[in-house]
Structures are given as C-alpha cells and as structure tokens.
Amino acid sequence: MHLIMILNALAVAWWLRSAWNQPQGNWSLRWGRSLFLFLFPPLLIFMTAIAVLFMGPQGQMGGMYTGSVSYLLALIYLAFFAILCIKLAFQGWQSVESARNCPLVNLGDKRARLLQTGALFAGQIGFWQPELVISQGLLQTLSPRHLESVLAHEQGHHYYRDTFWFFWLGWVRSCTAWLPNTEPLWEELLSLRELRADGYAALQVDPLVLAESLLLVVSSSPVLSEICCAALGSSGADRLEQRIEALLAPPEPTPQITWQYWHGFLLALLPLVAVIFHS
C-alpha cells in the first residue's frame with residue numbers, strides 16, 4: 001500500500017509539472033502559477049516519503065500489508081534530499097567566505113565588498129543577511145547615476161530576501177531535476193525575481209537609467225556562482241528584452257504575499273492523513 005502511495009504522488013507530480021507552459025499575464029499571475037508548479041510537486045513527494053517513513057516498514061493499511069521496499073525507497077529519497085541540502089549549504093558558505101575576503105568600500109550611505117575584477121558585477125551574496133558585492137570594473141565603468149540605479153536594484157533583492165528564499169528553491173531544483181519542466185520553471189522564477197527587484201528600484205530611480213545599466217551589466221559574463229547570490233544580470237541575456245519592456249512600461253504594483261496565497265500548498269499535506277489509517 002505504501003508503494004501505491006509513492007507511485008500516486010509521483011504520477012501527480014509528473015502530471016502537474018507537465019501541465020506547465022510559458023505563462024502570460026501580469027507579474028502576480030505568473031509568479032503564483034510558476035511557484036506552485038515548481039514547489040508543489042516536490043513538496044507532495046516529500047510529504048509522502050515522510051508519511052511512509054513515519055508509518056514504518058510493517059503493519060496494515062486499508063486491509064493491505066505493507067513491506068520494507070517502500071520504506072527503504074522513502075528513506076533513500078529523504079537521505080538524498082538531506083545530502084543535497086548539505087552540499088548546497090557548503091557551496092553557499094564558500095561563496096559567503098569568498099565575499100568576506102574582499103575589502104570593504106563606502107558607497108555613499110552603503111558599504112560593499114569590492115571584487116577585484118574588471119568584469120561588471122553587482123550582487124547580494126549570503127543567506128538571510130546578505131552582503132553587497134560590487135566589482136572594480138563596475139565602479140570604473142558606470143556613472144554615478146547608473147551606479148545608483150544598480151544599488152537600488154540590489155537593495156530590492158535585499159528587501160525581498162531573495163538570496164535566502166532562492167537558496168531553498170535552488171535546493172528543490174536540485175532534488176527534482178528529473179521532473180519535467182524543472183529548468184524552464186527555474187528560469188521563469190529567476191526572471192520574475194529580477195523583474196520584482198527592477199520594480200522596486202524603479203520606484204527610487206529613473207527606470208530609463210536602470211534599463212541602461214541593465215544593458216551594460218547583462219552583457220558581461222557572470223563572475224560568481226548563483227548559489228546564495230542575487231545579481232543584476234543573473235536572469236541572463238535571453239530575458240533582457242522582457243525586463244527592459246517592463247521598466248519602460250507603466251509601473252505594475254507588486255502584490256504582497258499573504259497566508260491565503262499558501263492555501264493550495266496545504267493539499268501537499270494529504271499524505272500525512274494516511275498515517276491515521278495505518279496499523
């Protein structure tokens with residue numbers, strides 16, 4: 001019976017991910033649908049594995065005997081999740097330590113780590129409390145107005161704690177790379193993350209100046225890993241046109257995510273109800 005639960009969870013997860021296509025509409029609709037299809041399937045599988053692990057390798061459920069095979073599968077899958085989390089956390093810690101080895105510089109009322117490279121780079125690096133890292137090449141290339149727009153964009157990433165939340169989303173991405181549309185959904189979420197930070201910055205600086213800065217920075221090659229990093233050009237040149245159009249269009253309000261937003265994710269907890277019927 002436990003094996004049937006696992007197979008059902010896998011089938012639902014595969015079906016939901018397969019239903020994704022390039023979304024249309026405003027930021028709110030795109031973000032809600034993409035995040036649900038990215039996060040709900042692995043959460044359902046994760047909760048199913050926890051339920052099987054909690055029920056143990058022996059007993060009955062719905063009049064059917066359970067075996068150790070499904071229990072072992074659940075244990076292996078959860079161990080795989082844990083190992084990937086530790087691996088990504090270690091890589092993120094290395095990025096943070098690398099940033100902390102860079103000297104501090106004052107940028108008006110802000111402080112940043114100075115990266116000794118000619119590449120154009122500005123990004124937040126860290127977990128819940130990231131640090132601003134900016135390259136020597138960016139300081140030498142951008143005018144004060146353009147630099148101000150870049151800093152405003154990075155402040156948006158800090159405001160929304162993007163490095164922290166996308167560390168966990170990146171973990172989910174690594175754990176479910178075998179599910180369909182994992183990479184397209186991940187790229188969509190990265191793009192929406194940048195659009196949100198762009199919108200935050202556009203309320204403080206001239207959107208046209210920010211668009212000009214974006215053109216310069218995105219054309220430069222990335223210099224750091226995306227783990228625990230949220231940078232101006234991290235969504236890639238392929239989404240550049242979309243971001244420029246959003247900056248030049250009338251500003252779109254960014255909706256606040258409330259508890260009601262997460263109601264659909266409660267369905268992923270349904271496998272835990274099966275524990276009641278196990279004996």
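**Exercise 1.** Determine how helix α6 (residues 162-175) and helix α7 (residues 182-202) are oriented to each other.

*Solution.* The axes of α6 and α7 cross at roughly 175° and come within 11 Å. Axes are lines fitted to C-alpha atoms, for helices over the stretch in contact, with angles from 0 to 180 degrees between N-to-C directions. Helices are DSSP runs (H or I, at least four residues), numbered from the N terminus. Angles under 35 degrees count as roughly parallel, over 145 as roughly antiparallel, 65 to 115 as roughly perpendicular and the rest as oblique. Therefore α6 and α7 are roughly antiparallel.

The model is predicted: local features need pLDDT of at least 70, side-chain atom pairs count only at pLDDT 80 or more, and totals for chains, interfaces and linings use all residues. Residues are numbered from 1 along each chain as its sequence is written, and side-chain values use heavy atoms, without hydrogens and water.

**Exercise 2.** Find the angle between α5 (residues 144-159) and α8 (residues 207-218), and list the residues in contact.

*Solution.* The two axes come within 9 Å and cross at roughly 90°. Helices α5 and α8 are therefore roughly perpendicular. Contact (heavy atoms within 4.5 Å) involves R145, H146, S149, V150 and H153 on α5, and V209, L210, E212 and S213 on α8.

**Exercise 3.** State whether S213 is buried or exposed, and name its contacts.

*Solution.* S213 belongs to helix α8. Its relative accessible area is 0%, so S213 is buried (under 20%; exposed is over 50%, partly exposed in between; 1.4 Å probe, protein chains only). Setting aside neighbours within four places in sequence, S213 contacts H146, S149, V150 and L232.

Note on methods. Helix = DSSP H or I, 4+ residues; strand = E, 2+ residues; numbered from the N terminus.
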